[in-house]
Amino acid sequence: MLTRSRQFSKAPGPPTLQFFLNLTQFRKDPLGGFFHAALTYGDVVRYRGMWVSHQLSHPDHIQHVLQGNFANYRKGRGYKILKLSLGEGLLTSEGALWQRQRKMTQPSFQGQQVASFVPTMAENSLTMLRRWEESARQGEVFDVVPDFMRLTLNIAAEVLFTTNLEADAESIRRTLDIGRDYSVERAWSIFPPPLSFPTKRNREYRGALANIHGIIDRIIAERRRAPGRIADLLTMLMEARDENGAPMSDKQLRDEVITLLTAGHETTTLALAWTCFLIATRPDVVERMTAEAAFLNGRSPNYDDLMKLRYSRMVVEESMRLYPPVWTLARTAVNEDEIGGYRISAGSEILIFPYITQRHPKWWQDPDVFRPERFAPENSAARPRYAYLPFGAGPRTCIGLNFAMTEILVALTLLLQRFRLKLAIDPAEVRPDPSVTLQPRPGVPVKLETI
Ligand code: HEM
């Protein structure tokens, strides 16, 4: 009788030698390279590099890994790099620890809690937009990305710790930048030197890490001295208890705080920035968004108001289809498995690309066209659920999904109450750069028109 592993064939993919020969080209254009592979070899593509990887594009296969056989897939190799920065926080932890932390953290991200963050989101957005009034008066051209980075970091810090981090913000931003660049470099490096080696990059990275740990430890220590007085996310995390009535340790709290700061701010920035990029050339879309928000009469929206902004929500969903801030997800198979009739060996790396599945012509008509109406309920019903996954899927779906959508809608609504954006660059010159997240390069330079 055949053993299980012999029943299934290897998935098709580029021959090993060709893969290595094309590696430089792949690094230059990973989105193009992986897309080409999906169109050439099909739903499951096998790569034999330093280790075996399988690229999946079919929604059913993605569902199998992220939901159906979830227990067999741990976070992929790339997350080990993230673990250097994020420790055992929600994004990078596994098994029982992850389950415990998810249960303890989840209540802080439920609708009612997110609703209580809306005034903070609005106030911070208005502070940014007041600065923009001056830019508009001067006719200045500026890139929205750094402004959105500041905005989302300030919001994340304020809902987490109440304290406005303005004093530490620059240093936190720099630290997160260093962490991101370091992770990208290590991800592409075949033999990355251990972190303990005193290379220039390692020293810079360790310094940045010590800096952010210092800031967060200080905030936690201050809070321990005066517990429970402030109703913010940190208090909620400190007061959370597991099944045995135990709280999180200081180290665990620190890992969760860094995780929430990191996972929450750059992704939301990019979703906002790409949405601005897309609507800046579509006055018809902007007109529909402002028409549906007219009932606000220029006031800031509250959480219930946001539920009525159905079209604006579809605009953001469509923006994240074309430009998913998290363009790739990776897992490692614990035990051997079978996907689409192919053998997935134990230890194999699984690569899922929201960017590819969300633009795949099998699931999307005119996939490169920006068309928010795709997300109207009547147009979505027939689409496979896993053809769209900007927030991941299954038990490890983004915990901040509702938080992020709320923040984006608040900022966009307030922005469109005051300004029209004019792109100050030919849209064809703006390219998605697949760093850890999908960045618009060279940015989204705009000029503002006051209304
Ligand atoms: C547009 C904005 C956002 C996008 C596109 C996004 C995307 C994602 C994706 C794709 C995952 C799944 C990763 C995987 O399965 O490997 C994820 C997980 C996560 N996200 Fe987000 N995210 C966003 C905003 C946020 C915000 C605002 C927060 C927190 C304030 C947050 C916190 C997290 C955490 C903690 C996880 C790990 C969840 C777990 O494994 O249990 N994210 N996010």
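**Exercise 1. Find which ring R321 lies over, and how far from the ring centre**.

Solution. R321 lies over the face of W364, 5.0 Å from the ring centre. The rule: NZ of Lys or CZ of Arg has to be within 6 Å of the ring centre and within 35 degrees of the ring normal. Now try R359: it lies over the face of Y323, at 5.2 Å from the ring centre.

Before you go on: this is a predicted model, where local features need pLDDT of at least 70 and side-chain atom pairs count only at pLDDT 80 or more, while totals for chains, interfaces and linings use all residues. Residues are numbered from 1 along each chain as its sequence is written, and side-chain values use heavy atoms, with hydrogens and water left out.

**Exercise 2. Work out why F26 and Y47 count as edge-to-face**.

Solution. Start with the total: the structure holds 17 aromatic pairs (rings of Phe, Tyr and Trp, its six-membered ring, with centres within 6.5 Å; planes under 30 degrees apart are stacked, over 60 edge-to-face, the rest tilted). For F26 and Y47, the centres are 6.2 Å apart and the planes sit at 80 degrees, so the pair is edge-to-face. Next, locate them: F26 is in helix α3 (residues 23-28) and Y47 in strand β1 (residues 44-48), 21 residues apart. Helices (H or I, at least four residues) and strands (E, at least two) are DSSP runs, numbered from the N terminus.

**Exercise 3. Decide whether F26 is buried or exposed**.

Solution. Buried means under 20% relative accessible area, exposed over 50%, partly exposed in between (1.4 Å probe, protein chains only). F26 has 13%, so it counts as buried. Y47, at 3%, is buried too.
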